[in-house]
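Could you look over this model with me before we go further? My comments are below, grouped by topic.

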Amino acid sequence: MPQKSAKKPYYPYKPIGSVQTLARMLGVHPKILTDIANRTDDSYTDFTITTPSGKERNVSEPKFTLKKIQKRINRTILEKVEYPLYLMGGIRDLEEPRDYVSNASAHAGASTIIKLDIKNFYPNIRRQNVYDIFRYLLRFPEPVSDLLTTLCVRHHRLPQGACTSSYLANLIFFNAEYQLAASFERQAIAYTRLLDDITISSPKQLTPAKTTEIIRSVAAMCKKHGLKLNNKKTRVDRVHQRDSDYIVTGLWAKHSVPKVPRHERRAIRKMVHDCENRFTTDPASPEYHSMWNQASGKIAKLKRLGHSQARPLRARMRKILPQIGDQEKDNLILECKKLANKSRRNTDRIGHILRVNRAIHKVGLLSRTDKRLARSLRRQVVAAYPNKPTIKDYWEIK
């Protein structure tokens, strides 16, 4: 069903009037902030990941100092923007959660579903696009907009991997997308975008001519912003067509409630079976821990979507919890002793916080086979770090 959400993104606060005010909001001296901005192109680590579909994707991870600044930009600016409900991806919203499930739910049970993909989305979002967001949507003056843009782009493009990028990618069409969504809404047509995935649906059968008109209107919006649709991924599903898969952002959406596709449910059951077999011979290996965690995450997905298989599969997984081997147990005892005796100096640094968190996590694993020892180790660590911040707290307070 179409959502009553076709509004323009809106920043409900006064513009940040100067670089000095921006620096104060971000907790950094203006000169240091400018120095960080001047080094942004060299402040990333590049690596490649493989997506679930098997496609390789280049990712640029910001280094510590820049990442800290970008997280503060999110917290103080980008998370304050009011995002319309047709934007579904990478938005922190406790009242209206946005993700692949809510995206599929917006189109579940439709008679016609149009699925579009924006080609090379992040690399083709240019510096000018990002500058326009700060300058004309948030209404910041030129020096502030220019500095923020520099802090959020790399080599004049939006880097995939920076925590600010998903928010900015959501705002790329801020001056045009709401008009398109409103036009569709008046025609009882639903429109959503999960970053580079655009989905449009209607409770009625749309004619081929109407479908072509809709696709062209979206393509025109993309072209205006220097982007293109990936025609190879354009797909139209109609309720009476035998070759329609009705998959929307990874979920089967042919009926009123989205579900995990049948082939994926079979794969999850096989993952649980494989874990049961591996547990009998290798319950403490890193490979088994990884297998178990992956299967557990898939079962959580089944539970969220209301599948009846979730409960019995979860019960089976509780019987084969990953364990800690004898060598790792000895290493953990030594690590907890070191942490308990370590000087308090510099213990609020991110590396040390991660180290303490890893130890506490492993103590939790140990409690499955040796509750008494785990309780003793946990007391040592907690007593040494009674006010240890979480990772989230760290980025908030530093």
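**Notes on the model**

1. E2 (56-62) supplies the most residues to the lining of the largest pocket, five in number. Strands (E, at least two residues) and helices (H or I, at least four) are DSSP runs numbered from the N terminus. A caveat on what follows: this is a predicted model, where local features need pLDDT of at least 70, side-chain atom pairs count only at pLDDT 80 or more, and totals for chains, interfaces and linings use all residues. Residues are numbered from 1 along each chain as its sequence is written, and side-chain values use heavy atoms, with hydrogens and water left out.

2. How much space lies in the largest pocket? About 1,800 Å³, taken as the space filled by probe spheres set on grid points that are joined across faces, edges and corners. A pocket here is an open set of points on a 1 Å grid over the protein atoms alone, where a 1.4 Å probe fits, with protein on both sides within 12 Å along at least five of seven lines; lining residues have an atom within 4 Å of a point. The lining has 48 residues, and those closest to the pocket centre are Arg57, Asp117, Asp196, Asp197 and Lys233.

3. Besides E2, the elements giving two or more residues to that lining include strands E1 (44-50), E3 (112-117) and E5 (197-202), plus helices H10 (262-279) and H11 (286-304). By type, the lining splits into 17 nonpolar, 14 polar and 17 charged residues. Nonpolar covers Ala, Val, Leu, Ile, Met, Phe, Trp, Tyr, Cys and Pro; charged covers Asp, Glu, Lys and Arg; the others, Gly among them, are polar.

4. On packing, the largest nonpolar core holds 67 residues, with Ile77 and Ile200 touching the most other members. A core is a set of buried Ala, Val, Leu, Ile, Met, Phe, Trp, Tyr and Cys residues joined through side-chain atoms within 4.5 Å. Buried means under 20% relative accessible area, exposed over 50%, and partly exposed in between (1.4 Å probe, protein chains only). Contacts of Ile200 (heavy atoms within 4.5 Å), not counting residues up to four places away in sequence, include Ile114, Phe184, Tyr191 and Val218. There is also a second, separate core of 25 residues, Val248 and Ile268 among them.

5. Two helices pass a length check, the expected span being 1.5 Å times one less than the number of residues. For H14 (residues 350-366), 17 residues should span 24 Å, and the end C-alpha atoms are 24 Å apart. For H3 (residues 64-76), 13 residues should give 18 Å, which agrees with the 18 Å between its end C-alpha atoms. Buried residues of H3 include Lys68 and Arg72.

6. Which backbone angles deserve a look? Most residues other than glycine have a negative phi. Arg139, though, has a positive phi near 65 degrees; Arg139 is in the loop between H5 (127-137) and H6 (142-152) and is partly exposed at 39% relative accessible area. Thr249 has a positive phi of about 40 degrees, lies in the loop between E7 and E8 (251-252), and is partly exposed at 23%.

7. Finally, Leu33 in H2 (residues 30-38) is buried, with 0% relative accessible area. Leaving aside neighbours within four places in sequence, Leu33 is in contact with residues including Leu22, Ile69 and Leu147.
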